[in-house]
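Here is a short walk through one protein model and its ligand. Keep the sequence and the 3D view side by side as you read.

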Amino acid sequence: MREKLVIRGLHKAYTINEGFGRTSSVVALQDVSLRVQEGEFMTLLGPSGCGKSTLLMIVAGLYPKTAGEVLLDGCPIDRPGLDRGVVFQEFALFPWLSVKNNIRFGLQMKGVPREEHDRIIRGFVELVGLEGFEDIYPHRLSGGMKQRVGIARALAYDPELLLLDEPFGALDAQTRASLQRMLVGIWEKTRKTVLFVTHSIREAVFLSDKVCVLTARPGRVLDVVPIELPRPRNMLSAEFFDYERRLAGLISGQLGIEAQDLFITD
Ligand SMILES: Nc1ncnc2c1ncn2[C@@H]1O[C@H](COP(=O)(O)OP(=O)(O)O)[C@@H](O)[C@H]1O
Ligand SMILES: [Mg+2]
């Protein structure tokens with residue numbers, strides 16, 4: 001398999017302006033190295049504040065890095081681009097555009113010929129189960145439906161890499177479960193390379209080929225755990241729970257808390 005995304009020695013420090021001419025520095029990521037193979041579903045898992053979003057935003061080209069290398073298909077990333085599709089937790093749809101035109105946006109940016117738009121949009125509307133909602137505006141959609149649009153919009157222009165930052169974090173448990181299933185289905189159909197961020201151990205085990213566990217701030221790679229379970233995965237199986245327990249052990253070990261406490265807020 002080919003290496004799609006290569007991160008080497010990535011370092012990120014935020015400079016904080018304290019006023020009166022003083023600044024301080026917060027190290028968010030320290031010496032992070034990670035390789036994602038073509039077609040792989042990689043998840044970044046770690047406690048809140050460990051630098052997951054920072055890492056994703058750097059790969060998206062939306063934040064500058066302090067040091068290190070980020071390569072997509074061998075090319076350094078230093079700005080946003082249509083080779084990456086991004087889905088955020090807070091939906092980030094264009095409120096002035098209908099579902100259809102939100103999805104169309106990337107096609108226009110990429111210069112896809114106008115006569116192909118309707119066919120492509122129809123395909124992605126179907127893929128995320130939004131038939132009949134094409135002309136609706138985002139404010140009339142539920143959170144789950146908004147995120148369906150977000151995923152369709154990010155995939156429609158056929159990026160090389162799909163980046164998702166806690167996309168289901170703001171959804172109720174049932175909606176979240178159905179979108180997780182939908183995402184697995186879409187990934188199996190499209191075989192996109194995915195970098196997914198979550199703090200939910202269960203979600204990481206349900207979705208991923210590999211889970212990259214980050215330490216508390218400054219974020220470093222604690223371990224990369226391959227999840228060797230057939231899909232669709234059964235969250236109630238003993239094997240599933242073994243993985244959950246193993247990941248909870250890794251995270252709790254370096255937070256200095258009980259592993260079982262990590263299951264309370266999941
Ligand atoms: N724009 C910013 N300026 C200063 N510090 C930031 C900024 N964004 C994030 N941080 C800090 O960097 C650390 C990592 O943040 P983040 O990447 O959002 O973590 P996560 O997504 O894992 O919760 C946190 O301590 C956060 O307070
Ligand atoms: Mg975050």
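Which side chains are joined by a polar contact of 3.5 Å? The side chains of R2 and D73 are. A polar contact is a pair of N or O atoms within 3.5 Å; within protein, one must be able to donate a hydrogen and the other to accept it, and residues adjacent in sequence count only if both atoms are side-chain atoms.

Some ground rules come next. This is a predicted model, in which local features need pLDDT of at least 70, side-chain atom pairs count only at pLDDT 80 or more, and totals for chains, interfaces and linings use all residues. Residues are numbered from 1 along each chain as its sequence is written, chains are lettered from A and ligands numbered from 1 in the order in which they are written, and side-chain values use heavy atoms, with hydrogens and water left out.

Stay with R2. It sits in the segment before strand 1; helices (H or I, at least four residues) and strands (E, at least two) are DSSP runs, numbered from the N terminus. R2 and D73 are 71 residues apart in sequence, yet their C-alpha atoms are 8.8 Å apart in space. Beyond its neighbours within four places in sequence, R2 is in contact (heavy atoms within 4.5 Å) with Q37, E38 and D73. The relative accessible area of R2 is 45%, so R2 counts as partly exposed. Here buried means under 20% relative accessible area, exposed over 50%, and partly exposed in between (1.4 Å probe, protein chains only).

Now turn to ligand 1. Around it are Y14, I16, A28, P47, S48, G49, C50, G51, K52, S53, T54 and R217. Each has a heavy atom within 4 Å of the ligand. This shell divides into five nonpolar, five polar and two charged residues. Oxygen atoms of ligand 1 meet several N or O atoms of the protein. One from the side chain of T54 is 2.5 Å away. A backbone atom of G49 lies at 2.6 Å. The side chain of R217 supplies another, at 2.9 Å. On its own, ligand 1 has 570 Å² of accessible area, and the protein covers 66% of that (Shrake-Rupley method, 1.4 Å probe). Strand 1 (3–19) and helix 1 (52–60) each give two or more residues to the shell. Helix 1 gives the largest share, three residues.

Helix 1 is mostly covered, with eight of its nine residues buried. Those eight are K52, T54, L55, L56, M57, I58, V59 and A60. G61 follows the helix, and its phi is positive, near 85 degrees.

Where do the nonpolar residues gather? In soluble globular proteins, nonpolar side chains tend to be buried together. A nonpolar core is a set of buried Ala, Val, Leu, Ile, Met, Phe, Trp, Tyr and Cys residues joined through side-chain atoms within 4.5 Å. The largest one here has 54 residues; I103, I151, F196, I201, V205 and L247 have the most contacts inside it. Helix 4 (residues 143–156) gives the most to this core, with seven residues. Leaving aside neighbours within four places in sequence, I151 is in contact with V87, V128, L164, F168, M182 and I186. Another core, of 27 residues, lies apart from that one; L10, L55, L161 and L163 are among its members.

Finish at S237, in the loop between strand 10 (221–226) and helix 7 (238–255). Its relative accessibility is 18%, so S237 counts as buried. A polar atom of its side chain lies 3.0 Å from the backbone oxygen of N234. The S237 side chain also reaches the backbone nitrogen of F240, at 3.2 Å.

Conventions:
Ala, Val, Leu, Ile, Met, Phe, Trp, Tyr, Cys and Pro count as nonpolar, Asp, Glu, Lys and Arg as charged, and the others, Gly among them, as polar.
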